[in-house]
Amino acid sequence: MITGSTQILGVMGCPIEHSLSPVMHNAAIEVMRSVDADALSPLNYVYLPFSVKPERLAAAIAGFSAIGVQGFNVTIPHKQAIIPFLSEVSAIAQAVGAVNTVYPTATGWGGTNTDVIGFLAPLRAMGHDWSQTQAVILGNGGAARAVVAGCAELGVGQIQVVGRNPEARQAFLQSWAASALAERLDSTLSVHGWEELPLLLPTATLLVNTTPVGMHPQVGASPVSLDLLQQLPTGAIAYDLIYTPRPTQFLRDAASVGAIALDGLEMLVQQGAAALELWLKRPVPIAVMRQALEDALSR
Ligand code: NAP
């Protein structure tokens, strides 16, 4: 129930209509509020979508300050553009070059990136030693940056990023030089063209799709042919950041050749849970968030 003391959380992006974040966060808030029902001051928050056009970003941030928003997520197209408006940016967000979670500080807004935590959660749950892992990452866009940072944090032995634009690939490689991960990535990160995939796959023990190939409207398409996937070593992990459809053609094919298949739903859940925990400063019901997303996606 919204009352005079309800505090506001939210997500800003453009477009924002299709965001699943309000469903996931409000489900968690509702459960936490019911657990708190008898407390002196029960949890009282609502999480709202805000459609903010690029040219209105500054006005929106000032407005959020003015009305006392308690924290917000940032999505396309503001993940980089918001950085100059923040008074502090976490080391991981600086390395990734993008912010997806903003919180109030004594001196203004602070920003961090919980996509890395989200990406890592299902991998950490496997409890592997990743030092011998050879990761092949398909795509070199925004999500690939969180994946590379995550692989560096895991201590992955080799990180090979595959991109289709030579200039963009080189810029991607060079962009890490001044980051907090520079030392770790210096000897482990390399970039490659798609034509090199047949050479990379036979030793790829972690293959991550960060391209949108396989999601609507390309449902049924896969970034890697079934023939090539057959080159993967035994026990390889195929990880698709896409969370709808479930599974994607890429994961369907990877599972058919014996790979362990992970989709992007858990990443979405865990990046959201990490943000909500940061704002509320208490543990959040992750299972409730996961269920809310699964229900929304199956509608
Ligand atoms: P992005 O910044 O646009 O990057 C997409 C990358 O894929 C670019 O390198 C692009 O190459 C490449 N690409 C696009 N179409 C391609 C094709 N047909 N063949 C080869 N490469 C292609 O997008 P993003 O923000 O990184 O998001 C990528 C995907 O990750 C989306 O499906 C998104 O839903 C998913 N994602 C999931 C989560 C999660 O929580 N599960 C979080 C973030 C993102 P060019 O630069 O050459 O176009």
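**Note on the predicted model**

1. Thr248 touches Gly214, Asp240 and Ile242, leaving aside residues up to four places away in sequence. Thr248 lies in the loop between strand 11 (237-240) and helix 10 (249-256). The relative accessible area of Thr248 is 1%, so this residue is buried. Ser222 is 26 residues from Thr248 in sequence, and the C-alpha atoms of the two are 7.7 Å apart in space. These values, like those below, come from a predicted model.

2. Pro49 belongs to strand 2. Its relative accessibility is 44%, and Pro49 therefore counts as partly exposed, since that class lies between the limits of 20% for buried and 50% for exposed. When residues up to four places away in sequence are not counted, Pro49 touches Val11, Ile16 and Pro22.

3. How many aromatic pairs does a search of the whole structure find? The search gives six. Tyr47 and Trp279 form a tilted pair, with 6.2 Å from centre to centre and 40° between the planes. This pair links distant parts of the chain: Tyr47 is in strand 2 (residues 45-51) and Trp279 is in helix 11 (residues 265-280), 232 residues apart. Both Tyr47 and Trp279 are buried.

4. Ring pairs also join Phe50, Phe64, Phe72 and Trp109 into a cluster.

5. Arg145 is placed over two rings. The charged end of Arg145 sits over the ring of Trp176, at 4.4 Å from its centre. Arg145 also lies over the face of Phe172, where the distance to the ring centre is 5.3 Å.

6. Helix 11, which holds Trp279, also packs with helix 12 (residues 286-298): the two axes come within 10 Å and cross at roughly 135°. Are the two helices parallel or oblique to each other? They are oblique, because an angle of roughly 135° falls between the limits of 115 degrees for roughly perpendicular and 145 for roughly antiparallel. The crossing of helix 11 past helix 12 is right-handed. On the side of helix 11, the contact is made by Leu265, Glu266, Leu268, Val269, Gln270, Gly272, Ala273 and Leu276. Helix 12 contributes Ile286, Met289, Arg290, Leu293, Glu294 and Leu297.

Terms used:
Residues are numbered from 1 along each chain as its sequence is written. This is a predicted model: local features need pLDDT of at least 70, side-chain atom pairs count only at pLDDT 80 or more; totals for chains, interfaces and linings use all residues. Side-chain values use heavy atoms; hydrogens and water are left out. Rings of Phe, Tyr and Trp (its six-membered ring) pair if their centres lie within 6.5 Å; planes under 30 degrees apart count as stacked, over 60 as edge-to-face and the rest as tilted. Helices (H or I, at least four residues) and strands (E, at least two) are DSSP runs, numbered from the N terminus. Buried means under 20% relative accessible area, exposed over 50%, partly exposed in between (1.4 Å probe, protein chains only). A charge sits over a ring if NZ of Lys or CZ of Arg is within 6 Å of the ring centre and within 35 degrees of the ring normal. Contact means heavy atoms within 4.5 Å. Axes are lines fitted to C-alpha atoms, for helices over the stretch in contact, and angles run from 0 to 180 degrees between N-to-C directions. Angles under 35 degrees count as roughly parallel, over 145 as roughly antiparallel, 65 to 115 as roughly perpendicular and the rest as oblique. A crossing is left-handed if the near helix is turned anticlockwise from the far one by less than a right angle, and right-handed if clockwise.
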